[in-house]
Amino acid sequence: MNTALSVEVAVRHLLGERTEGGVVTPRRRTVTWASRQYRLTRPDTGRETVELDCPVCSAALLAEVRDPGTTRRVRLVLGALAVLAVVVLVAALAYAVHEGGRTLPEGESLPVLFPVSLVAVFLGFVSAPALWAGRRNYTGVSLLEAPKPRRGHRIVPVRVPRGRRR
Ligand SMILES: [Zn+2]
């Protein structure tokens with residue numbers, strides 16, 4: 001359960017990565033983790049550094065916990081940026097379709113804005129889902145330092161099933 005003042009995260013240690021198939025069957029990547037859940041208390045303001053132990057190698061991971069206000073603001077900004085990216089995507093797409101579908105008089109080339117709109121479509125298409133996922137996953141807890149291999153450690157939010165949220 002995540003309340004304003006506490007947050008549940010899981011510390012993960014990468015156990016193995018295996019890639020199967022790819023030739024006849026579809027490629028499938030299986031990643032196995034061992035994890036341990038922690039409940040962290042948020043500071044009233046600012047940030048706090050906490051030490052979490054890895055369940056496998058018992059290494060100490062340094063994590064930073066943000067206060068509820070900052071966490072909420074970052075999530076709001078990420079959400080707003082995601083919406084903005086969708087708006088830009090739709091507008092640029094409409095423009096690109098409009099300009100691209102026009103029959104140009106001889107000797108006239110497409111306006112400079114046309115390639116710009118194509119780039120905007122691409123950027124909006126890539127960034128909107130990423131920003132939205134970022135908003136969903138942002139808990140205000142970030143990994144500062146992990147023992148090598150750093151790649152093998154992660155701090156992930158613990159999802160609360162809908163309905164149990166309080
Ligand atoms: Zn570990």
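Okay, let's start with a definition: a salt bridge is a side-chain nitrogen of Lys or Arg within 4 Å of a carboxyl oxygen of Asp or Glu. With that in hand, look at R18, E20 and R28, which are linked in a network of salt bridges.

Quick word on what we're looking at. This is a predicted model, where local features need pLDDT of at least 70 and side-chain atom pairs count only at pLDDT 80 or more, while totals for chains, interfaces and linings use all residues. Residues are numbered from 1 along each chain as its sequence is written, and side-chain values use heavy atoms, with hydrogens and water left out.

Back to the charges. Side chains of opposite charge can pair when their charged atoms come close. Searching the whole structure turns up seven salt bridges. One of them joins E17 to R29, with the closest N and O atoms 2.7 Å apart. That pair links distant parts of the chain: E17 sits in strand 1 (residues 6-20) and R29 in strand 2 (residues 28-41), 12 residues apart. Strands here are DSSP runs of E, at least two residues, and helices are runs of H or I, at least four, numbered from the N terminus.

Then there's R47 with E64, at 3.4 Å, N to O. R47 is in strand 3 and E64 in strand 4, 17 residues apart. Which of these two is buried, and which is exposed? R47 is exposed at 53% relative accessible area, whereas E64 is buried at 10%. For the cut-offs, buried means under 20% relative accessible area, exposed over 50%, and partly exposed in between, using a 1.4 Å probe and protein chains only.

What holds it? Its protein donors are H13 (ND1), C54 (SG), C57 (SG) and H153 (NE2), lying 1.9 to 2.2 Å away. Donors are N, O and S atoms within 2.8 Å of the metal (3.2 Å for Na, K and Ca), and water is not among the atoms, so sites may look incomplete. The angles among the four donor atoms run from 102 to 121 degrees, and the site is tetrahedral; four donors get that label if all angles lie between 85 and 135 degrees. C54 and H153 are 99 residues apart. C54 is buried at 2%, and H153 is buried too, at 5%.

Last stop: residues 76-97 are 100% helix, with end C-alpha atoms 32 Å apart. Residues 112-133 are 95% helix, and their end C-alpha atoms lie 33 Å apart.

How values were computed: Tetrahedral: all angles 85-135°; square planar, octahedral: opposite > 155°, others 65-115°.
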